[in-house]
Amino acid sequence: MFFILWIRAPSIDDVVLYCRWSDSVNAQELAYSLQLQQTKRSNPSGIIRFNGTLGTPSIYRGSPSPEIDATWDRVALNARQIRMTREQLLRTGEKPSPAMVRYPEEYGGGYTTTVEVIHQLHCLDMLRRASWGNQSVGHGAHESPQSLQEFRVHLDHCIEMLRQITMCRGDVTMLTYDWVKGVKNPFPNFNVPHRCRNLEKVFDWVDEHRVFIPNSKVVRLEDNVDLPSPP
């Protein structure tokens, strides 16, 4: 399941939790994908042509460096917790539980939440660092060290989460193939347009609704109970 965040909404009421499962891609989805790729670059924002050319420079790729690490930390390191009321939580399809973390009343009460995209980016960053031999959870000073076994469990969790979200969304954007000099087999063209959310606007919305609370205040309330194991 994943969050759809309506960027221009003034309230978290417009966060909708859902995931559509389907046995097959229907004709409407394919027709939409084809129509999307016929859209010219001059069309309204939201249509972005991916850059999938091998070796293309990016601020997110390359040998680890303070600059690249900082770029990833900006989008993946801080969960940026926000607040949900009981009514808003019910609208997502979740049921309030005494194990759920809540803010103390002195900080406005409500349930502690975050948007899924930040966790997904954290998982991608962890895979990036692991590919360079860095077996750490993150770059923050608050990160506690992990044993090799704990790191493997965490890494496998991230791979599985990214698999689920990829299969859940089932991108049906059409890729064409080209003949390339010196390459024997047809080569896929990954530089195709996709309809995208503006992640900067997502972060702006989240930052506007963040709840800043000292770590010492993130405690179990009197009516909280512990789950016997992680959900």
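Tutor: Start with a definition. Helices and strands here are DSSP runs, numbered from the N terminus; a helix has at least four residues and a strand at least two. Remember too that this is a predicted model.

Student: What makes Arg80 part of a loop, and where is that loop?

Tutor: Arg80 lies between two such runs, helix 2 and strand 4 (82-84). That stretch is the loop.

Student: Why is Arg80 called buried?

Tutor: Set the value against the cut-off. Buried means under 20% relative accessible area. Arg80 has 9%, so it is buried.

Student: What is the phi of Arg80?

Tutor: It is near 50 degrees. That is a positive value in a residue other than glycine.

Student: Which residues does Ile118 touch?

Tutor: Leave out residues up to four places away in sequence. Then Ile118 touches Val75, Ala76, Asn78, Ala79, Arg80 and Phe203. Ile118 itself sits in helix 4. Its C-alpha atom is 5.4 Å from that of Ala76, 42 residues apart along the chain.

Student: Is Ile118 buried or exposed, and how do you know?

Tutor: Its relative accessible area is 3%. The limit for buried is under 20%. Ile118 is therefore buried.

Student: Why does His122 count as buried?

Tutor: The value is 15% relative accessibility. That is under 20%, so His122 counts as buried. His122 also lies in helix 4. Its C-alpha atom is 9.0 Å from that of Ala79, 43 residues apart along the chain.

Student: Which residues of helix 4 are buried?

Tutor: They are Glu116, Ile118, Gln120, Leu121, His122, Cys123, Asp125, Met126, Arg128 and Arg129.

Student: What makes helix 2 and helix 4 roughly antiparallel?

Tutor: Look at the angle. The axes of helix 2 (residues 66-76) and helix 4 (residues 116-131) come within 8 Å and cross at roughly 155 degrees. Angles over 145 degrees count as roughly antiparallel. That makes helix 2 roughly antiparallel to helix 4.

Student: Which residues make the contact?

Tutor: Helix 2 gives Ile68, Asp69, Trp72, Asp73, Val75 and Ala76. Helix 4 gives Ile118, Leu121, His122, Leu124, Asp125 and Arg128. By type, they divide into seven nonpolar, one polar and four charged.

Student: How do you know that the span of helix 5 agrees with its residue count?

Tutor: Helix 5 (residues 148-169) has 22 residues. At 1.5 Å a residue, they should span 32 Å. The end C-alpha atoms are 32 Å apart, which agrees.

Student: Which residues of helix 5 are buried?

Tutor: Phe151, His154, Leu155, Cys158, Leu162, Ile165 and Cys168.

Student: What does the protein come to in helices and strands?

Tutor: Six helices and eight strands. Along the sequence, the pattern is β-β-α-β-α-β-α-β-α-α-β-β-β-α.

Student: How many of its residues count as buried?

Tutor: Of 231 residues, 28%. As for contacts with a separation of 6 or more, residues 24 or more positions apart account for 66%.

Conventions:
Residues numbered from 1 in each chain as written. Predicted model: local features only at pLDDT ≥ 70, side-chain atom pairs only at ≥ 80, totals over all residues. Heavy atoms only, no water. Expected span 1.5 Å × (residues − 1). Buried < 20%, exposed > 50% of the residue type's maximum accessible area, 1.4 Å probe, protein only. Axes fitted to C-alpha atoms, helices over the stretch in contact; angles between N-to-C directions. Parallel < 35°, antiparallel > 145°, perpendicular 65-115°, else oblique. Contact = heavy atoms within 4.5 Å. Nonpolar A, V, L, I, M, F, W, Y, C, P; charged D, E, K, R; others polar.
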